[in-house]
Amino acid sequence: MPSVMVRRNDEGKLLFYVAKKDLEEVIASVEHDTADAWGGEVTLGDGETFYIDPISPPPAFPTTLRFKRID
Amino acid sequence: MAAMTREETQNLIAEVLAVYPEKAKKDRAKHLMVNDHSLESAKKCITSNRKALPGVMTIRGCAYAGSRGVCWGPVKDVVHISHGPVGCGMYSTMGRRHYANGTTGADIFTTINVTSDFQERDIVFGGDKKLKAMIDELEKLFPLAKGYTIQSECPIGLIGDDIESVAKVKSAEIGKTIVPVRCEGFRGVSQSLGHHIANDSIRDWVLPTRDGKDDGFETTPYDVNILADYNIGGDIWPSRMLLEEIGLRVIAQTPGDGTLMEMEKLPKAKLNLLHCYRSMNYIARHMEEKYGTPWMEYNLFGPTKIEQSLRAIAERFDDRIKDGVERVLAKYKPQWQAVVDKYRPRLEGKTVMLYVGGLRPRHIIGAYEDLGMKVVGTGYEFAHNDDYDRTIKEMGDATLIYDDVTAYELDEFVKKINPDLIGSGIKEKYQFQKMGFPFRQMHSWDYSGPYHGYDGFAIFARDMDMTLNNPCWTEIKAPWLRPAQPETQAA
């Protein structure tokens with residue numbers, strides 16, 4: 001359950017940053033990304049997938065959230 | 001020498017690693033790579049921020065060095081207590097040239113070395129009492145100090161002293177900020193974790209002190225912070241001058257020549273300018289999350305990078321700053337052009353190998369290139385993956401990149417690549433000078449500097465020329481070892 005900081009980069013894409021793992025990767029896709037919920041399965045640019053229960057209403061980025069790793 | 005091809009560099013790595021036992025070879029091979037511009041991320045081809053291999057020489061420091069020396073050390077109006085045995089405290093006495101303006105003992109304390117000198121007794125009975133007494137004594141000695149930081153050395157963590165509670169009690173008693181920093185040297189694999197711990201202590205003990213309090217601080221839309229510039233040889237001063245000249249207002253420079261009050265004001269800025277990404281990105285990310293202050297990296301080494309950085313900074317602001325940047329670029333063009341005209345012919349085509357700390361292996365590449373020099377190998381002591389991601393783009397294709405390189409490997413790489421100049425730390429300096437290689441100590445600018453900004457670039461160019469073209473390098477070889485010269489002397 002890594003603690004992840006999600007922030008936007010200069011191009012406005014969401015970045016997934018895990019300080020302890022030195023992992024900083026663009027979020028390629030999010031399962032739920034609507035006006036009233038954000039979350040579900042999150043796929044990163046390098047193919048790794050994580051899960052978070054959809055948050056409603058969507059959080060304001062940057063923020064720190066706890067994700068689950070899906071293998 | 002001519003640029004090496006990918007295959008040659010690959011062979012060089014294999015050749016150097018050949019002497020290692022199988023297991024060590026496998027481990028070290030992960031830390032060496034041949035640069036490839038087509039790579040998006042360094043993750044797949046270089047491993048970093050791992051424990052150094054037992055039995056080889058590493059040049060890394062410890063968490064205490066990262067916090068006491070690097071992140072907290074330059075904060076000038078605070079007394080830094082090295083809490084623990086005397087050695088660590090002794091060796092942190094201004095070994096690093098972070099300059100500060102002021103009068104020692106009155107408003108600056110960076111040159112003062114304070115340690116609690118732990119003895120057996122303190123290990124057995126705990127050192128909290130001693131720490132309390134020490135803070136009282138310091139209050140008498142330096143009543144103008146704005147606060148204290150308690151930098152723990154290894155034994156504090158081992159015996160489990162509660163420095164946080166001492167900090168809270170004493171802070172309430174004397175009404176000053178006291179920051180306990182849990183930077184015991186055994187934490188982490190290098191000084192890098194010490195930076196992180198120091199950042200966390202700023203986050204927990206300094207930044208929130210003004211939260212929710214309107215202290216009447218007037219802000220402007222042009223307020224910026226200079227973060228993670230350590231004022232080595234005075235670096236922060238030309239940087240600040242440049243930023244102010246383009247029309248920005250620097251409200252805090254930290255830690256270099258910085259004060260505790262500036263640190264408390266950090267959240268008031270509109271933009272955080274991050275110089276050393278490795279050591280202070282944590283606090284920048286925290287401020288982005290908590291206070292909504294965006295951050296960006298910048299680089300003020302050499303005219304090309306200065307131009308890029310200033311333009312990128314101006315993009316975040318309105319036309320007033322953009323005009324300011326154009327005006328400043330035009331103003332300094334003749335100045336740096338004269339430097340390039342003077343030194344470039346003397347340095348053109350020379351090759352450099354670097355092995356420094358956390359940002360210089362990539363940041364100074366631009367300055368060398370402005371002088372017509374080529375960086376053929378670079379590496380970090382304690383960088384993480386994200387640093388290598390940034391390095392891949394800066395370095396030439398097929399150049400050598402090494403992480404936490406061992407003394408043996410660096411020696412062998414230098415012998416084979418045969419660069420014209422080496423830039424590394426004090427521990428490598430004399431070894432390479434004895435081998436006959438011109439060398440610059442790039443941690444503390446070899447007792448020179450500043451190297452930032454246009455003023456710094458002139459000094460940088462002079463220093464490189466002075467080292468590289470020094471006549472002493474032809475005299476390194478003993479006369480009887482030199483190739484036989486034709487007899488020129490008449491009988």
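This is a predicted model: local features need pLDDT of at least 70, side-chain atom pairs count only at pLDDT 80 or more; totals for chains, interfaces and linings use all residues.
**Overall form.** I began with the dimensions of chain B, whose C-alpha atoms fill a box of roughly 85 × 60 × 55 Å along the principal axes. I then looked up the radius of gyration, which is 24 Å for chain B and agrees with the value near 23 Å that a compact globule of 491 residues would have. For secondary structure I noted 20 helices and 14 strands in chain B. Buried residues make up 48% of the 491 residues in the chain, and of the contacts with a separation of 6 or more, 73% are between residues 24 or more positions apart.

**Domains.** I found chain B divided into domain 1 (1-60 + 348-447), domain 2 (63-188 + 190-210) and domain 3 (223-325). I looked next at domains 2 and 3 of chain B, whose C-alpha centres lie 26 Å apart, and where 27 residues of domain 2 are in contact with 22 residues of domain 3. On the domain 2 side, the elements that give two or more residues are H3 and helix H9 (191-206) of chain B, and H9(B) supplies the largest share, 8 residues. I recorded the classes on this side of domain 2 as 11 nonpolar, 9 polar and 7 charged residues.

**The sheet.** I then followed an open sheet of 4 strands in chain B, which has the order E3-E2-E4-E5 and parallel pairing. Strand E3 (114-115) and strand E5 (177-181) of chain B stand at the edges with a single partner strand each, so one side of each has no neighbour in the sheet. Between strand E4 (residues 147-152) and E5 of chain B I noted 5 bridges, with the two strands running parallel, and I looked up B:Tyr148, whose bridge partner in E5(B) is B:Ile178. Helix H3 (residues 63-71) of chain B packs on this sheet, where it touches strand E2 (78-83), E4 and E5, and its direction makes about 165 degrees with that of E4(B).

**Contact with chain A.** Last, I checked the interface, in which 9 residues of chain B are in contact with 9 residues of chain A. The elements of chain B that give two or more residues to its side are helix H12 (277-291) and helix H17 (385-394), and H12(B) gives the most, with 4 residues. By class, I noted 1 nonpolar, 4 polar and 4 charged residues on the side of chain B that touches chain A.

How values were computed
Residues are numbered from 1 along each chain as its sequence is written. Chains are lettered from A and ligands numbered from 1 in the order in which they are written. Two residues are in contact if their C-beta atoms, placed from the backbone, lie within 7 Å. Ala, Val, Leu, Ile, Met, Phe, Trp, Tyr, Cys and Pro count as nonpolar, Asp, Glu, Lys and Arg as charged, and the others, Gly among them, as polar. Two strands pair if DSSP finds at least two bridges between them. Axes are lines fitted to C-alpha atoms, for helices over the stretch in contact, and angles run from 0 to 180 degrees between N-to-C directions. The radius of gyration is taken over C-alpha atoms; the globule rule is 2.2 Å times the number of residues to the power 0.38. A residue is buried if 20 or more other C-beta atoms lie within 10 Å of its own, exposed if 12 or fewer, and partly exposed in between; C-beta atoms are placed from the backbone. Domain bounds come from an automatic or database domain assignment.
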